[in-house]
Amino acid sequence: MKQIFALFLLTIVSAIPSLAQAQLLSPQDAGSGLQPIDRIVAVVEDDVILQSELNDAVAAIQQQYASQPGQLPPIDVLRRQVLDRLVLMKLQLQRADDQGIRVSDAEVDQAVQNVAAQNKMSPDQLRAAVEQSGLSYASFRQQLHDQLVVQKLHQNVVRDSVSVTNSEIDNLLNSPSYKAGEVHLAHIQISIPSGATAADIQAAQNKAEQALAAIKGGMNFKAATIRFSDAPDALDGGDLGWRRIDEVPPAFVDTIDSLKPGEVSGILHGPTGFHIIQLIGTRAPSKQMVPEFHARQILIRPSELLSPTQAQQKAQDLYNRIVNKHEDFAKLAKDNSNDDTTANAGGDMGWFQQGDWGSLIGQKVADLKDNEISQPFQSEAGWHILQRLGTRNTDMTTEVARDQARQAIGNRKADQAYDDFLRQLRSDAYVKILAPELQEPTDTDNGGAGIKASPSP
C-alpha cells in the first residue's frame, strides 16, 4: 500500500471522505453520550473543507511514514501543509468544473487498472488492499477521478500557451551551456507569495536558511524537505526523479555541475522563491540505437462489392498463392492490395520504426523473422498479409536529441505556465481559514479572513 499512497495520497489529489470523524464535542458535552460532529475548517470560494477531510488526509500521510515518523514535521505544521494542498486541489477542481472538464467512469476504470499494474496487482486485489488499509474504495476512485480532472486542466492551461520552434531547439542544442546526460534531483522550495512584500521575501529567506542549517546540522534531506518545503511534492521528500540536464532551469545548471552525488547546494533564489537542491545521482548520455524494419504488405479492404467474409477469404487465398504456389508477393500486392500508399511499389513499406504503422502492424512485424510471411490478420483497415524483408539498428542520436530538446523546452514552458496559473488562481481566490489552530499569523491578523495563502511553487 505504500506505493499506492505514494502515487496518489501524497499528491493530496482530493479530500478523502470521512474515515474518522473529528472529535469536536464541547467540554460540557464530553461523556454525555453525544456523537462527535464534523466542522468546517476552511472556506474555499463556494466550497468548504471539513475537519474529517483534513484528518483523513493527515492520517494517510502518517500511515505513509509510519515506519519513519521522525521525518514528519510537528503535527500542527503537517496539518497546515496538508490543508494548503487541499485548498489548492479544491481551487483546481472548481476551475476545471467552470471549464466544463469531465472525466468518465471508463477513464477512472483505466486509471484503476494502471495503479493495479504498477503495484503488480489485479484490480480486485487492489480494491481489497485499499479497503484493508481503512479507505473506502469509492473514496479511492474519487481521488483518481480528481487527479485525472487536474491533469486535463493542466493540459488545457498549457495547450494554448506553450509552443516550441525549431529555432529554439537549435539554440538550445548549439548553446555553450547545453549539456547532455541526466541528473537525479531532490529539492526544497520556500515559496514567495504573489505580490510579496519585502517582509514576505525576508521571511521566506529566513525559512530557507533554517532548512539549510538543519541539513548542515545532520538532518536528513528528505526529512528537511517534509519539514520546511512548501512544494506540492514536499510530503514525498521533494524527489524530482531523473531529469535531462537540459530540463533543469538554466540558472541552476552551474550549481548542479559543482555538486557531487549526495551533496546539497546553497540557497538558490528563483522566480517563485528560494530553493535548496540535492544531487542524488548522474547518468551519462548514450548513443540512441533504434531498431527499424523493412517490410511489405497486401491489404484487402471490405467494400460494397466485397463483404468482410469475402475479404478474409481473398486474403487467405493470396496467402496460399504466395506460400504454397510461390507466386510473386510484389506482383500480387500490385494487382490486389487496397493500400494506395504501397500497392504500386509492390507493397513495399520501406524502412520504419515499430510504431510508425500502428501498434498492431508493429507487433506483427516484430514477431516475424526476416523473409517470413504472416498469416492474414485483421485490423480496422481490413485484412493484412505482411512479409518482413529485413531489420537494422539505426543511430538516431541526433533525432532523439532534438526530440528531447523539444520536450525539455516544452516541459519547462509548461511548468512555468501552470505555475503562473496556480499562483494567480491562489492569489485571486477567497480562502478563509476558520480553525484558529490552523491559521498562519497573517490569517490571525486578518481576523481569520485569510484570503492570502502560500502559493503553489
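Author: A residue counts as buried under 20% relative accessible area, as exposed over 50%, and as partly exposed in between, with a 1.4 Å probe and protein chains only. By that rule, buried residues make up 44% of the 457 residues in the protein chain. The model is predicted: local features need pLDDT of at least 70 and side-chain atom pairs pLDDT 80 or more, whereas totals for chains, interfaces and linings use all residues. Residues are numbered from 1 along each chain as its sequence is written, and side-chain values use heavy atoms, without hydrogens and water.

Reader: How many helices and strands does the protein chain have?

Author: Helices (H or I, at least four residues) and strands (E, at least two) are DSSP runs, numbered from the N terminus. The protein chain has 15 helices and eleven strands.

Reader: Is Thr342 buried or exposed?

Author: Thr342 lies in the loop between α12 (329-336) and β8 (348-353). Its relative accessible area is 2%, so Thr342 is buried. Contact means heavy atoms within 4.5 Å. Apart from neighbours within four places in sequence, Thr342 is in contact with Gln297, Gly347, Asp348, Met349 and Trp357. Leu299, 43 residues away in sequence, has its C-alpha 9.4 Å from that of Thr342.

Reader: How are two packed helices described?

Author: The description consists of the angle between their axes and the distance between the axes. Axes are lines fitted to C-alpha atoms, for helices over the stretch in contact, and angles run from 0 to 180 degrees between N-to-C directions. Angles under 35 degrees count as roughly parallel, over 145 as roughly antiparallel, 65 to 115 as roughly perpendicular and the rest as oblique. Helix α8 (residues 198-216) packs against helix α9 (residues 221-228) at about 155°, with axes 9 Å apart. The two are therefore roughly antiparallel. Their contact is formed by Lys207, Gln210, Ala211, Ala214 and Ile215 of α8 with Phe221, Ala224 and Phe228 of α9.

Reader: At what angle do the axes of α3 and α14 cross?

Author: The axes of helix α3 (residues 75-98) and helix α14 (residues 397-428) cross at roughly 100° and come within 11 Å. This makes α3 roughly perpendicular to α14. Asp84, Val87, Leu88, Leu91, Gln92 and Arg95 in α3 meet Tyr418, Phe421, Leu422, Leu425 and Arg426 in α14.
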